[in-house]
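Colleague: I would like a close look at one part of this model, with the rest brought in as context. Please keep it to what the coordinates give.

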Amino acid sequence: MAEQAGDPLFQSHDPIFDRKELLHVGHVPDEDRIVGRDDEIQSVAAEVGAITRGDPPNNVMIYGKTGTGKSLISRHVATRAQTAARDNEIDCGVLYVDCSEANTETRATRQLALSLKDQTGYQENIPLRGVGTMEYYQHIWGILEDFFDAIIVILDEIDKLDNSNILMQLSRAREAQKTDAYIGVIGISNKVKYRETLDERIDSSFGHRELFFHPYDASQLREIMRNREDAFQPEVLEDGTIELCAALAAKKHGDARKAIEILKEAGELARRTGSETVSESHIQQAQEVAEINRIEELTSGATVHAKLALYALASRIITGDRETHKTREIYERYVGICNMVTTDPITENGLYRQLKEQAFLGVIESEKTGGGRSQGSYLLHRLVTDPKHIIKAVRRDDSLEELPTYDQLTETGPATNNRDVDLSSFS
Ligand SMILES: Nc1ncnc2c1ncn2[C@@H]1O[C@H](COP(=O)(O)OP(=O)(O)OP(=O)(O)O)[C@@H](O)[C@H]1O
Ligand SMILES: [Mg+2]
C-alpha cells in the first residue's frame, strides 16, 4: 500500500467506499446502469416516439409508487428521443418541471419559458416577477416558433400543481394556433386518483394514455444494486449482502431509492464501527433505521390522531396475539392512549377516516370482512410494516415521546402496571 501522506487525523483512503457518489440520493444513473425497466422504457417511447419521425406524439401519464423509476425513465426516454430526433434533423427540446416546487401555473410556465430560453439564443428578456401566466405562455410560444419543431415536457409530481390548466394550454396549443411545434407531455404522479381530480374539459383535451410502474421485485432490485457495486472497494461487500438488501426492500416496498439508501447506510455503519467488510448484519440494521425513517416520512403530514391510531394498532399487535384488528378495537385502545398524552379523542368515525387515509399512504391495509347477515360486515386493519417501527416512528414526534417504548410494551404485556409506565389504560 502507498505510504500515507498528510495529516494522520484524516484517512486518505476510504476503506469501504470507492465511488460513493453512485449511492447518493440525487444521483442519476447513466444509461447503462438503468436495469429492469425495459418494458416501461418501450412503453414511454411508444407514446412520445412519433416526435422523432416528425409526427405528433401522444401525451402520457405515468403512475406508480415512490422509487419505481418514473422520473428516471421519463428523463431517459425524453433525452433519447431528443437525440433520435436530431438524427432526423428535427429540433426537439426536453423540458423538465418539478411541480412540487413549481406548484402554480405561473411558476410552472415561468420555469418552462426560462429553460427554453436557456436552451436557445432567445434574446427577449423574461421577467422573473411582476408578470402573469399569459406573458410566460407568450414567451413559450415565441421560442417554439423560432427554435423548435417539437418539445417533450415532463411535468413531474403533477398532482402538486394547484390547477391543471397548463395541461390544456399545452395540448391545445397547435389547435389554437399558438405554435406549429408538436408538444408531448409526460405527466408523473404517485396518486392514481389524480385523473379523477381533473376537470372534464381538461381531461378530454389532454387525451392521454396511462402507464403504471409497479414496485421492483427482488431480482430487479438486485440487478439495480449489482450495477452499482463499484461504489464499494473491491471485496468489501460480503457475499449475500446485496441479495439480502434486495429481498428486504422488495418485501417492504420495492422502492429502488430506498434499497440503494440501505446499501449506503450499511456501508456507513461498517465504516463507523471499524469493520473491514459490509455484512448481512449491517444490512439488517440499516434496513431497520431506513424503515423507521420511511414510516416517519409517510406519516409526517398526518395528524396527531392518525399517529395515535397507528400507535394504537401497533401496540395491540405487540401486546396481543393477532395481526388484524377491528376499527372498534383500535378505537378503544386509541382512547386510552389519548388519556395518557392528555389529548381529547376524536369520534370513532373520525378515527375510521384517519385509518383510511393511512391505508392510502400504504402504512396499513384494511380489508372488509363479512360477519354474516346478523353481524354485518366490518373492517379489519393490519400493519404493512413491523409494529416496532411504527412505535419508534410515532415516538419521534416531540409531543408523543412520552408514549411507552417498544421494549416497555413487550415487557409489560397488555394490562399490567409497572413502575415506569402506566399501561392500565391499554386494557
Ligand atoms: N431501473 C432502475 N435502474 C437503476 N436505478 C434505478 C432504477 N429505478 C430507480 N433507480 C434509482 O432510484 C432512484 C429513484 O428513482 P425515480 O426518481 O425515478 O423514482 P420515482 O418513481 O420518480 O419516485 P418518486 O415518486 O418518489 O419521485 C433513481 O434516482 C435511481 O437512482
Ligand atoms: Mg420522481
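At what angle do helix α3 and helix α4 pack, and how far apart are their axes?

Modeller: The mean pLDDT of the chain is 89, and 94% of the residues reach at least 70. One stretch, residues 414-421, has pLDDT under 50 throughout. The model still gives residues 414-421 14 contacts beyond four places in sequence. Where pLDDT is low, predicted coordinates should not be read in detail.

Now the pair you asked about. Helix α3 covers residues 105-118 and helix α4 covers residues 133-147; the angle between them is about 30°, and their axes are 9 Å apart. Angles under 35 degrees count as roughly parallel, and α3 is therefore roughly parallel to α4. The crossing of α3 and α4 has a left-handed sense. On the α3 side the contact consists of E105, T106, T109, R110, L112, A113, L116 and K117. The α4 side supplies T133, Y136, Y137, H139, I140, I143 and L144. Sorted by class, the residues in the contact of α3 with α4 are eight nonpolar, four polar and three charged.

Helix α3 has a further packing partner, helix α5 (residues 165-172), at an angle of about 40° and with the axes 10 Å apart. This angle makes α3 oblique to α5. From α3, the residues involved are E105, A108, T109 and L112; from α5, they are N165, I166 and Q169. The contact of α3 with α5 comprises three nonpolar residues, three polar and one charged.

V60 is found opposite I186 in β4.

Helix α9 (residues 241-252) and helix α11 (residues 280-299) have axes that come within 9 Å and cross at roughly 25°. That angle makes α9 roughly parallel to α11. The crossing of α9 and α11 is right-handed, while that of α3 and α4 is left-handed. T241, L244, C245, L248 and K252 of α9 make contact with E280, I283, Q284, Q287, E291 and R294 of α11. In the contact of α9 with α11, four residues are nonpolar, three are polar and four are charged.

There is also an open sheet of three strands, ordered β6-β8-β7 and paired antiparallel. β6 (325-326) and β7 (364-370) are at the edges with a single partner strand each, so one side of each has no neighbour in the sheet. β6 and strand β8 (residues 377-383) run antiparallel and are joined by two bridges. In this pairing, H325 stands opposite H381 in β8. Helix α12 (residues 304-319) packs on the sheet and touches β6, β7 and β8, with its direction at about 80° to that of β8.

Terms used
Residues numbered from 1 in each chain as written. Chains lettered and ligands numbered in written order. Predicted model: local features only at pLDDT ≥ 70, side-chain atom pairs only at ≥ 80, totals over all residues. Heavy atoms only, no water. Axes fitted to C-alpha atoms, helices over the stretch in contact; angles between N-to-C directions. Helix = DSSP H or I, 4+ residues; strand = E, 2+ residues; numbered from the N terminus. Parallel < 35°, antiparallel > 145°, perpendicular 65-115°, else oblique. Left-handed = near helix turned anticlockwise from the far one by under 90°. Contact = heavy atoms within 4.5 Å. Nonpolar A, V, L, I, M, F, W, Y, C, P; charged D, E, K, R; others polar. pLDDT = per-residue confidence, 0-100. Pairing = 2+ DSSP bridges.
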